[in-house]
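Here is a brief report on selected contacts in one protein model. Please keep the structure open while reading.

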Amino acid sequence: MVQQVLYRALVSTKWLSESVLAKRIGPSLRVLDASWYPPGERDAQQEFRDRHVPGASFFDIEECKDKSSPYELMLPSEAHFADYVGHLGISNDTHVVVYDGDDLGSFYAPRAWWMFRVFGHRTVSVLNGGFKNWVKEGHPVTSEISRPEPAVFKATLDRSLLKTYTDMVENMKSKRFQVVDSRSEGRYRGTEPEPGNEGLEPGHIPGSLNMPFFKFLTEAGFEKSPEEIRSMFQEKKVDLSQPLIATCRKGVTACHIALAAYLCGKPDVAIYDGSWSEWFRRAPPEHKLSEWKRNKA
């Protein structure tokens with residue numbers, strides 16, 4: 001079997017800073033700020049307008065989604081994604097670097113990374129350490145808004161990287177895929193509430209394992225080494241040589257599982273896009289494990 005050569009999933013702040021200073025940002029290299037914060041906490045778009053990596057564009061995850069879906073951040077159609085990123089100056093030949101401004105170092109950037117990959121774009125990387133470390137290290141920032149020349153992007157959905165509710169129900173019987181949930185242990189077990197006011201109770205899909213996404217990051221906000229990540233998977237008895245689905249609340253932090261596995265040489269982790277938000281609303285009671293009601297009684 002021929003080993004697949006994987007495109008680099010991470011770029012360093014040093015590499016991107018050198019690219020900015022060398023004026024490489026353009027049709028062949030685009031930078032996207034994919035920040036998102038809960039309403040009332042921080043304003044991602046205003047923060048982008050105030051300061052961002054020079055030459056970067058704002059990737060609005062609220063715009064680049066299926067707005068007809070009752071669930072929060074479901075993937076847009078191929079045409080919608082292609083049109084959206086094309087207007088950001090991205091073609092199929094562009095190396096895309098994504099980052100966000102979360103205090104953890106990375107939160108929504110892996111979702112944007114996965115979105116490009118699921119639509120067939122392989123030359124995409126996450127800025128390791130995020131905007132937090134970019135600023136901390138003294139790299140340049142600007143409030144100048146760039147207006148890239150629109151490009152043509154052809155999106156082709158890679159269905160192997162995406163799982164639906166029907167797929168998850170089928171997997172309950174076949175158990176062909178391992179399932180890993182990236183939420184905190186309390187939300188996974190049902191001992192702490194889900195954030196937001198959507199009437200969503202905590203809990204998890206039967207048979208899923210729990211690996212909180214933030215544990216893949218160092219305290220400083222960088223991705224842990226492949227060796228450390230591999231040990232984390234081994235500790236949870238997750239076999240990276242076997243099929244794997246990642247889930248969370250709405251398909252965002254699950255992408256940290258996909259990124260972590262990719263760094264260990266496994267590029268085929270699928271994301272359950274609807275995640276717990278969909279599963280909680282559609283699955284029968286016996287397919288939702290939680291200590292929530294027992295604790296509330």
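## A buried arginine

Arg-183 sits in the loop between strand 7 (178-181) and helix 7 (185-189). The model is predicted. Arg-183 has 2% relative accessibility, so this residue counts as buried.

The side chain of Arg-183 makes a polar contact of 2.5 Å with the side chain of Glu-194. The Arg-183 side chain also reaches the backbone oxygen of Gly-203, at 2.4 Å. Leaving aside residues up to four places away in sequence, Arg-183 touches several others, among them Tyr-188, His-204, Asn-210, Cys-248 and Trp-276.

## Helix 4 against helix 9

Helix 4 (residues 109-118) packs on helix 9 (residues 254-263) at an angle of about 70°. Their axes are 8 Å apart. The two helices are therefore roughly perpendicular.

Helix 4 contributes Pro-110, Arg-111, Trp-113, Trp-114 and Arg-117. Helix 9 meets them with Cys-255, His-256, Ala-258, Leu-259 and Tyr-262. The contact residues comprise seven nonpolar, one polar and two charged.

## Aromatic pairs

The whole structure holds 16 aromatic pairs. One of them is Phe-48 with Phe-58, which is tilted: 5.6 Å centre to centre, with 50° between the planes. Phe-48 belongs to helix 2 (residues 44-50) and Phe-58 to strand 3 (residues 57-58), so the pair ties together parts ten residues apart in sequence. Phe-48 is buried at 6% relative accessible area. Phe-58 is buried too, at 13%.

Phe-81 and Phe-119 have ring centres 4.6 Å apart and planes at 20°, so this pair is stacked. Phe-81 lies in helix 3 (residues 78-86) and Phe-119 in the loop between helix 4 and strand 5 (124-127), so the pair links parts 38 residues apart in sequence. Phe-81 is buried at 0% relative accessible area, and Phe-119 is buried at 1%. Phe-59, Phe-81, Tyr-84, Phe-116, Phe-119 and Phe-153 form one aromatic cluster.

Conventions. Residues are numbered from 1 along each chain as its sequence is written. This is a predicted model: local features need pLDDT of at least 70, side-chain atom pairs count only at pLDDT 80 or more; totals for chains, interfaces and linings use all residues. Side-chain values use heavy atoms; hydrogens and water are left out. Axes are lines fitted to C-alpha atoms, for helices over the stretch in contact, and angles run from 0 to 180 degrees between N-to-C directions. Helices (H or I, at least four residues) and strands (E, at least two) are DSSP runs, numbered from the N terminus. Angles under 35 degrees count as roughly parallel, over 145 as roughly antiparallel, 65 to 115 as roughly perpendicular and the rest as oblique. Contact means heavy atoms within 4.5 Å. Ala, Val, Leu, Ile, Met, Phe, Trp, Tyr, Cys and Pro count as nonpolar, Asp, Glu, Lys and Arg as charged, and the others, Gly among them, as polar. Buried means under 20% relative accessible area, exposed over 50%, partly exposed in between (1.4 Å probe, protein chains only). A polar contact is a pair of N or O atoms within 3.5 Å; within protein, one must be able to donate a hydrogen and the other to accept it, and residues adjacent in sequence count only if both atoms are side-chain atoms. Rings of Phe, Tyr and Trp (its six-membered ring) pair if their centres lie within 6.5 Å; planes under 30 degrees apart count as stacked, over 60 as edge-to-face and the rest as tilted.
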